[in-house]
Each structure stands twice: as structure tokens, then as C-alpha cells.
Amino acid sequence: MNMYAFLRKSIAHFLNALYQPFLFALVLSVFVMFFVMYLGKYKNVDVKKRILNGFKLWMNNFKKSKKFRRIFYFVFIVVMILFKTLLVRNVNFNPTGNVVGVWGFYRHDGTFTTEIVENIVLFIPFIFFLFFMLEVTSKKTTKFLAVMGKSILISFLSSLTIEMLQLFLHLGTWQLSDLAFNTLGGVIGGLIYWVSAKIRRK
């Protein structure tokens with residue numbers, strides 16, 4: 001396979017993997033923010049007016065509230081991750097059948113995969129938007145080692161939690177490669193956040 005064909009196949013697989021959960025994650029994120037955070041403010045109004053006012057309030061807060069937008073972005077990424085890792089996985093009665101995992105673009109049976117890229121890319125915005133969301137209430141100076149340390153810890157523990165859920169619920173497979181590439185994605189996300197924070201504060 002030449003480089004052009006390899007890149008074309010990789011991009012197609014990657015975009016298809018992101019396309020599948022995108023609309024679901026977008027809709028669910030909107031409703032999470034809509035019902036949990038704002039719809040309850042209209043308890044003494046009839047249901048129809050409550051829903052209409054809720055939509056207006058949602059849009060108004062999205063336009064005007066930096067905190068609301070950042071929370072929404074983070075919720076969206078979390079839903080995307082859960083969709084890809086748990087919600088659409090087939091039942092696997094042998095979740096420890098491939099503990100080592102996939103470390104290249106081809107599985108052991110020779111089939112092409114972009115799992116490496118997907119595992120890295122999913123956790124880049126996860127860590128970035130987590131710090132971005134928390135930044136609204138925290139004005140402390142961003143230290144490089146602190147950001148990197150938290151990025152490694154949070155991404156590793158989050159990935160480990162997902163892997164353990166896959167193990168106990170028999171969804172997908174428990175893989176060391178997923179832990180490694182998710183953590184790498186988290187580190188990259190933390191690095192991007194640190195650079196962006198430095199630029200914005202200047």
C-alpha cells in the first residue's frame with residue numbers, strides 16, 4: 001500500500017468513526033444542559049411555556065455565558081467518549097482475549113484499523129475542555145508541570161475506569177494499548193491547553 005492510499009484509508013476510517021457518535025452526542029449534550037441546568041427554573045409555569053422559555057434561556061445562556069459554553073463543550077466530549085467506548089459496543093464474553101491490544105494500524109488478523117488515532121484524538125479535547133471549563137472559576141497561574149501531572153493522572157484514571165467498565169459489563173475488550181494511547185491523548189490535550197492559556201494571558 002503506497003502512502004497516498006494509506007492516508008486516504010486512514011482518514012476515511014477516522015472520519016467515519018467520529019461521524020457515527022457526533023449527532024447523538026450533540027443532541028444528548030443539548031438536552032443534558034437544557035433539562036438539568038435550566039428547565040427547573042420554571043416550576044410555577046405550565047409545561048408548554050416552561051419548554052419555550054427553557055429554549056430561550058438555553059440559547060441566551062449559550063450566547064452570553066462563557067461558563068455555560070465551556071460546560072457544554074465538555075459534556076459533549078464526555079458523551080462522545082462514552083458513546084465510542086461503552087454505549088455502542090457489542091457484548092463480548094471474553095473481554096480479556098486481547099489484553100495487549102493494537103499498537104499499529106493493523107490488527108493481528110491483518111485488518112486495517114485507526115484505533116490508535118481514535119484513542120488519542122478522543123482524549124485530547126477531553127483534557128483540554130476539562131481544564132478550559134475549570135479555568136472559569138480558577139484564576140491561578142498555570143504551571144507546566146502541574147498541568148502535565150494532572151493531565152496524565154486524569155486521563156489515565158478516566159481510561160482505566162472505562163476499561164474496567166468494559167471488563168465488568170463485557171463490552172469491548174480490556175486493552176493496555178487503549179490505556180497508553182488515551183493517556184497520551186490526555187497529555188497532548190494538557191499541552192495544548194497550557195500553550196493556549198499562556199497565549200491568552202499575554
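Student: What makes the pair of glutamate 118 and lysine 84 a salt bridge?

Tutor: In this predicted model, the closest N and O atoms of glutamate 118 and lysine 84 are 3.8 Å apart. The cut-off is a Lys or Arg side-chain nitrogen within 4 Å of an Asp or Glu carboxyl oxygen, so at 3.8 Å the pair is called a salt bridge. By this rule the count for the model comes to one salt bridge.

Student: Which parts of the chain does the pair link?

Tutor: Distant ones: glutamate 118 sits in helix 4 and lysine 84 in helix 3, 34 residues apart.

Student: Are the two partners buried or exposed, and how do you know?

Tutor: Buried means under 20% relative accessible area. Glutamate 118 has 16%, so it counts as buried. Lysine 84 has 18%, so lysine 84 is buried too.

Student: How many helices and strands does the chain have?

Tutor: There are six helices and zero strands, and the pattern along the sequence reads α-α-α-α-α-α. Of the 202 residues, 41% count as buried. Among contacts with a separation of 6 or more, 75% join residues 24 or more positions apart.

Student: What makes a group of residues a nonpolar core, and which residues have the most contacts inside the largest one?

Tutor: The residues must be buried, of a nonpolar type, and joined through side-chain atoms within 4.5 Å. The largest such core here has 29 residues, and Met33, Ile81 and Phe126 have the most contacts inside it. Helix 1 (3-38), helix 3 (66-87), helix 4 (115-134), helix 5 (144-169) and helix 6 (176-201) each give two or more residues to this core.

Student: What does phenylalanine 126 contact, leaving aside its neighbours within four places in sequence?

Tutor: Its partners are Phe74, Ile77, Val78, Ile81, Ile154 and Ser158. One of them, Ser158, is also among the buried residues of helix 5.

Student: How do you know that the length of helix 5 agrees with its residue count?

Tutor: At 1.5 Å a residue, the 26 residues of helix 5 should span 38 Å. The end C-alpha atoms are 37 Å apart, so the two values agree.

Student: Which elements do the buried residues of helix 5 pack against?

Tutor: They pack against helix 3, helix 4 and helix 6. Val147, Met148, Ser151 and Ser155 are among those buried residues, as are Ile162, Glu163 and Gln166.

Student: Why is histidine 170 called partly exposed?

Tutor: The partly exposed class lies between the buried limit of 20% and the exposed limit of 50%. Histidine 170 has 30% relative accessibility, so it falls in that class.

Student: Why is leucine 87 called exposed?

Tutor: Exposed means over 50%. Leucine 87, in helix 3, has a relative accessible area of 54%, so it is exposed.

Student: Which residues form the nonpolar patch on the surface?

Tutor: Leu87 belongs to it, along with Phe24, Leu28, Val32, Leu82 and Val88, and together they have about 460 Å² of accessible area. Helix 1 and helix 3 each give two or more residues to the patch, with the largest share, three residues, coming from helix 1. The chain as a whole exposes about 12,200 Å², with carbon and sulfur atoms supplying 70% of it.

Methods: Residues numbered from 1 in each chain as written. Predicted model: local features only at pLDDT ≥ 70, side-chain atom pairs only at ≥ 80, totals over all residues. Heavy atoms only, no water. Buried < 20%, exposed > 50% of the residue type's maximum accessible area, 1.4 Å probe, protein only. Helix = DSSP H or I, 4+ residues; strand = E, 2+ residues; numbered from the N terminus. Contact = heavy atoms within 4.5 Å. Areas by Shrake-Rupley, 256 points an atom, 1.4 Å probe, with all protein chains shown as cover. Patch = residues over 30% accessible without salt bridge, like charges linked within 9 Å, V, L, I, M, F, W, Y side chains within 5 Å. Expected span 1.5 Å × (residues − 1).
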